[in-house]
Amino acid sequence: MNEEEIWQSVLAQIQFHISPANFATWFKNTSVLSRKDGLVLISVPNNFSKEWMENKYNKLILEIIKSLDQGVREIKYITGSHNQKTKEMAPSPIAVLVEPEQLEFQELQVDKDTNLNPRYGFDNFIVGPFNELPFAAAMAITKSPGSVYNPLFVYGGVGLGKTHLLQAIGNQIIKDLPDKRIKYLSSEKLTSSIVNAIKNRAIDSLKNLYKTIDVLIVDDIQFLAGKEKTQEEFFHIFNALYEKNKQIILSSDRPPKAIPALEERLKSRFEGGMIADISFPDYETRLAILKTKAQEKGISVSDEIIEYIAVNIQRNVRELEGALNRLSAHQKMTGKTINLAITQALLKNIIKNPTKITSFKKIIKTVAEFYDLKEEEILCDSRKKEIVKPRQIAMFLLRTELKNSFPFIGRKFRGKDHTTAIYSCNKVSIEVEKNENFAGEIELIKQRIYNI
Amino acid sequence: MKVILLKDNFKKGLSIVEKIVGKNLNLPILNNVLIAAEKNFLGLSTTDLEIAIRYWILVKTEEEGKITIPAKLLSSLVNFISDEKITLEIKNQILQIQHKENINQINGLSSEEFPIIPKIERKNSIEVNSIPFCQGLAQVIDFCAQTQIRPEISGIYFNIQKDKISLAATDSFRLAEKIILFGKQIIENQESSFILPQKAARELINIFSAGDQKIKIFFSNNQVMFEYPLTEVDHPQVQVISRLIDGQYPNYIEIIPTKYETEIVVQKEEFLNQIKAASLFSGKTNEIQIKTNIKKEGIEILSQNTDIGENKSFMPCKIEGKEAVISFNYRFLIDGLINMKSQEINLLLSGEEGPAVLKPIGDATYTYVVMPIKK
C-alpha cells in the first residue's frame, strides 16, 4: 500500500467517527508526506489543523494506521503546502483578462530564479524566412542544451523578436528539462550584479553562483561595450561554463565583430559557436504575424486592412503590433467597425512616407554612436582604421540617403576633395555587395537613422 | 466558573474579538467566543481558522472554568447593560450573566469543541510603536491584489532589516512601499521577511490604532503573532495570531524606477481636486490624461467622454526633463495621493508606457508607483 492509499483508507474510516462538519474542516488538504522507520509524516494546511490533529485525533489516526501497517509507531504533523497541487499550475499567460489598456508591472510576471517571463514561448513565435536559421538553432538547443551550437549568438534590429526567441528557449527548456538551471539576464543586469559584487567584495561567490548554471542567456550583449571589468568577469564566467559544456546564448543588435570596445578575446569566443541573424520579415510573414496578433487581441479586421498595414510597415514587428493596438483602441472607444479609410487616418503617424526624412547631423550622429566614436572624430583627418571605416560609411550614407553631391560631402569633412568622397562611396558599395555581414551593418545603421 | 468584572472592560474586549466572527455554517462553533477564567484573568478568544484574536481582562475569579458562547449575541447584550459590575457564572453549559437584579442565561457549547489556538515560538521578535506601525500599514493595505491566482501578492510584504521595516503591497498595476524607521537596531539576526494576509492587517489597524503602547511581533515560518500589553500588570492584553502566506514575494524593488524622464513638483490638494474634476468626464475607462507644458511651466489635465463632455484644466508647477503626455486611471492616482500627508508631491514619469512614481516631498519613507494606460 502506498502513502496515498493509506491516507485514503484512514479518511474513509475516520468519517464514521466524527461529524461531517469536523471532517470537512480538519481533513481538507491533508495528505501523507512520507512513511519511514515507523514514523508517518502528515501534511496539514495550517497550524489550527495541526493543533487539532495532535490533540484530538492523533490517537484515532494512529490506531487506524497501525491496523493497516503494523510497523508504524508515531505520527507527526507538518504545516505547509509541501505538495499542494495548485502550486504547479503556473498562471497561464492568456488567462488574465483585464482591461487591455491598463499596463501592468512586467517584473511581477517574471520568475524570480530564472528571470524568464512565461509570456514568451515558441507557440506564439512566428517563423518565416527572416528568422528560420536562429529558430532552427534554438529548437536544436532546447533538445540538448550545451551540446550543439555553443554559444548561440543571435543578432538583429530593434523589435524583430530577439528577446522573444531567447526567452522562449529558456521557457521551453524549463518545460522539457525541469532539472536544468537557467538564468536570463540583460547585460545591464549582469553589469550591475558584477558592480555590486565588487562593492560588497563578493565577486567569488557571484562567480560560483553563475558557474552552477546550466543555461546562461544574456540579452543585448552590445551594452558590455566599454565596460572593461564586467567584460573581464564575464569572460571568466563564459570560459567556466563553456568548458563544462553548459549552454550560453547571447543576443545583440549587431554581429560580434561590429561591437565596438569589446575585447578581442570575447569577440572571438562569441564567434566560436553559431551566429544567426534575424533580418526583416517578408510580406507574407508580416501578414501571418498580423493575423496571429489580431486573433490574440480578439479584434476583427478585414484582410484588406491587414494587407495595408503589412505593405506599409516593413521593418519592425513591434510597430506592426502597435498599429493593431491603435485600431483596437479606436474600435473600443467608438464601437464602430474599422474600415480602410479609418485605418489610414489612424496610422498616418506610424507609417512613414516613402520619402524618409533625415539630415546630415542625424547621419553623422548615428554613425558615430554606432561605432562608439565622438562626432568630431568622424569629421576629423585621422587615418586610424577604426575611424576611417565609419567615416567612409557616413559619406556613403550621405550620398545614398540624402543625395548630397560629392563636392558637398567632401567640404563637410574638413574640405576633403570630391574624389575622396567618390572613392569612399564606391568602396562601401562594393563591400556591401561582397560582404553580407557588412551589408547587415549598414542596414542596421540605416534603421537607426530612421528610428530616431 | 464564576467571575466578577467591570462592564466596560468586558464590552471593549468583546468588541475586539467579535470582529472576525462571521457566519460559519460548516463549523458553528466558530461563531462563538471562548470565555475562560484562569487565575486573575478572563480570557476571550475567537478564530476563523486563519486569524485568532485573544483578549484578557483583569477580573475577580471565584471559580475557574470555561465555555463558548455565541459572540454576536453576547456582545449585543453587553451593550445594553448599564451597571458597572457584572457577574458571570457557568451552570451546565449555560452562561449566566447577572448585574443587580437582572439575570440573562445564554446556552453555550462545550469549550472542548473550540479550535485550539496555535502556539508560536517566541524566538524571533521585534517591538514597534503601535501608532506609526498602524499608520504605515494603512498606507499600503489598499494595494494588495484581490485575486487568489497569485496568493503571494494578495498580502502585505514585511521585510525586517537591521533598523527598519519595509512594508510593500502591489496588485500588479500599482505598488506602495512604506519604510518604518527606528533609528536603532531592532533585530539581531539577519533580515527576515514574511507575507501577512490583507485581512489580518485590517484587523491589526482596527485593534491597535487607538493604543500608544509597544506591539511585540513574533514570527515563525508560517505564523505571526502581534501582542499588545496590559498597562496595569505584566500580561498581554491582546494577541492577534495569523497564518502567513506561503510563497516568495516578487523582488518589488526592481519595479521602482531609479531614473526618470520628467520630474514634476505639484501642490497636492490642488492636484487632487483637478484630478477629481477631470474624473467626472473620464467615462468607463477611468482614463485621464496629463500633459506637461514646460514653456508655460505647468501641466494640463484632460479627459473626455463623447456622452458627457470634456475637461481641460491647467495647473502651474515645476517641471524638469522631457515633455510628456501620459494617461492614467484616475482612481489609481487618487488612491496614492490620499495616502500622502505633505503639501507638495513629486510626480516622476518615465515615458508614456513606463511606471510613474508619486512621492510626498519631505517624506522619503513613502513611495507609490503606478502604471499608465496604454495609448
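Student: How many residues of chain A are in contact with chain B?

Tutor: This is a predicted model, in which local features need pLDDT of at least 70, side-chain atom pairs count only at pLDDT 80 or more, and totals for chains, interfaces and linings use all residues. Residues are numbered from 1 along each chain as its sequence is written, while chains are lettered from A and ligands numbered from 1 in the order in which they are written. Two residues are in contact if their C-beta atoms, placed from the backbone, lie within 7 Å. On the chain B side 29 residues take part, and on the chain A side the number is 24.

Student: Which element gives the largest share of the side of chain A that touches chain B?

Tutor: Helices (H or I, at least four residues) and strands (E, at least two) are DSSP runs, numbered from the N terminus. Two elements of chain A give two or more residues to this side, helix H2 (20-27) and helix H3 (47-68). The largest share is six residues, and it comes from H3(A).

Student: How do the residues on that side of chain A divide into nonpolar, polar and charged?

Tutor: Ala, Val, Leu, Ile, Met, Phe, Trp, Tyr, Cys and Pro count as nonpolar, Asp, Glu, Lys and Arg as charged, and the others, Gly among them, as polar. For the side of chain A that touches chain B, the division is eight nonpolar, nine polar and seven charged.

Student: How many residues of H5(A) are buried?

Tutor: A residue is buried if 20 or more other C-beta atoms lie within 10 Å of its own, exposed if 12 or fewer, and partly exposed in between, with C-beta atoms placed from the backbone. The buried residues include A:Leu165, A:Ile169 and A:Ile173, and the cover comes from elements including helix H4 (132-143), strand E4 (152-156) and strand E5 (182-186) of chain A. H5(A) is mostly covered, and of its 15 residues the buried ones number 12.

Student: Is H4(A) roughly parallel or roughly antiparallel to H5(A)?

Tutor: Axes are lines fitted to C-alpha atoms, for helices over the stretch in contact, and angles run from 0 to 180 degrees between N-to-C directions. H4(A) and H5(A) pack with axes 9 Å apart, at an angle of about 25 degrees. Angles under 35 degrees count as roughly parallel, over 145 as roughly antiparallel, 65 to 115 as roughly perpendicular and the rest as oblique. H4(A) and H5(A) are therefore roughly parallel.

Student: In what kind of crossing does H4(A) pass H5(A)?

Tutor: A crossing is left-handed if the near helix is turned anticlockwise from the far one by less than a right angle, and right-handed if clockwise. The crossing of H4(A) past H5(A) is right-handed.

Student: How do the residues of the contact of H4(A) with H5(A) divide?

Tutor: H4(A) contributes A:Pro134, A:Phe135, A:Ala138, A:Ile141 and A:Thr142, and H5(A) contributes A:Leu165, A:Ile169, A:Gln172, A:Ile173 and A:Asp176. By class these residues are seven nonpolar, two polar and one charged.

Student: Which helices do the buried residues of H12(A) pack against?

Tutor: H12(A) covers residues 317-334, and its end C-alpha atoms are 26 Å apart, in agreement with the 26 Å that its 18 residues should span. Its buried residues include A:Leu320, A:Leu324 and A:Leu327. They pack against these helices of chain A: H10 (283-297), H11 (303-312) and H13 (340-346).

Student: At what angle do H10(A) and H11(A) pack?

Tutor: In this pair A:Tyr283, A:Arg286, A:Leu287, A:Leu290 and A:Lys291 of H10(A) meet A:Ile306, A:Glu307, A:Ile309 and A:Ala310 of H11(A). H10(A) passes H11(A) in a right-handed crossing. The axes are 9 Å apart, and the angle is about 130 degrees.

Student: Which proline is joined by a cis peptide bond to A:Asn150?

Tutor: Omega of the bond is about -5 degrees. The proline is found in the loop between H4 and E4 of chain A. The residue is A:Pro151.

Student: Is B:Leu49 buried or exposed?

Tutor: B:Leu49 lies in the loop between strand E3 (41-47) and strand E4 (51-58) of chain B. Its phi is near 75 degrees, a positive value in a residue other than glycine. With 20 other C-beta atoms within 10 Å, B:Leu49 is buried.

How values were computed: The expected span of a helix is 1.5 Å times one less than its number of residues.
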